[in-house]
Amino acid sequence: MKTIVICGSMKFKDKILEISDKLENLGFKTELPKECMEGLPKEIASRAHFNRIQNKDTDAILVVNCDKGELKNYIGPNSFAEIAFAFYFKKKIFLLQDIYEPYLDELKGWNTIPLNNTLESIKRFL
């Protein structure tokens, strides 16, 4: 079973949980940013989530990059750091929506795959 670590702003917590359920229904194992969801200090939560990303059993990350106000396909600084970390550890990187324009060069250069809200398409890549 392929494992996907889910990343994203805690402002999107409900969407993260929804996406996790959908991925599990598609046959994937998911790992959530549970320390963030529990409100633990940022240092502890970030280290725990980075450990999930670099784990040898992790196949990919999925960034839940919803629209945030006027910002389309928003990726916050912590999620961007998680993307860079996943890139370094040679994990597949998926975006729930499309590419976040301010990070276009990096996201394209790191072979990030925008799903445009079509989770089923992950199966083509994993």
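1. Glu18 and Lys22 sit 4 residues apart in helix α1, so about one helical turn separates them. Their side chains meet in a salt bridge, 3.1 Å from N to O. By salt bridge I mean a side-chain nitrogen of Lys or Arg within 4 Å of a carboxyl oxygen of Asp or Glu. Glu18 is partly exposed at 33% relative accessibility, and Lys22 is partly exposed at 40%. For those words the cut-offs are: buried under 20% relative accessible area, exposed over 50%, partly exposed in between, using a 1.4 Å probe and protein chains only.

2. Some ground rules before going on. This is a predicted model, where local features need pLDDT of at least 70 and side-chain atom pairs count only at pLDDT 80 or more, while totals for chains, interfaces and linings use all residues. Residues are numbered from 1 along each chain as its sequence is written, and side-chain values use heavy atoms, with hydrogens and water left out. Helices (H or I, at least four residues) and strands (E, at least two) are DSSP runs, numbered from the N terminus.

3. On to the strands. In β1 (residues 3–7), 5 of the 5 residues are buried. Thr3, Val5 and Cys7 point one way, Ile4 and Ile6 the other.

4. What does β1 pair with? Strands count as paired if DSSP finds at least two bridges between them. β1 runs parallel to β2 (residues 29–31), with 3 bridges joining them, and Val5 has Glu31 as its bridge partner in β2. Between these strands the chain passes through helix α1 (residues 13–25), and this β-α-β crossover is right-handed; that is, with the strands pointing away from the viewer, the path from the first strand over the helix to the second runs clockwise. β1 is also parallel to β3 (residues 58–63), joined by 5 bridges, and there Cys7 stands opposite Val63.

5. Glu31 turns up again in a salt bridge with Lys29, the closest N and O atoms being 3.4 Å apart. Glu31 is partly exposed at 22% relative accessibility, and Lys29 is partly exposed at 40%. Lys29, Glu31, Glu35 and Arg52 are linked in a network of salt bridges. The count of salt bridges comes to 8.
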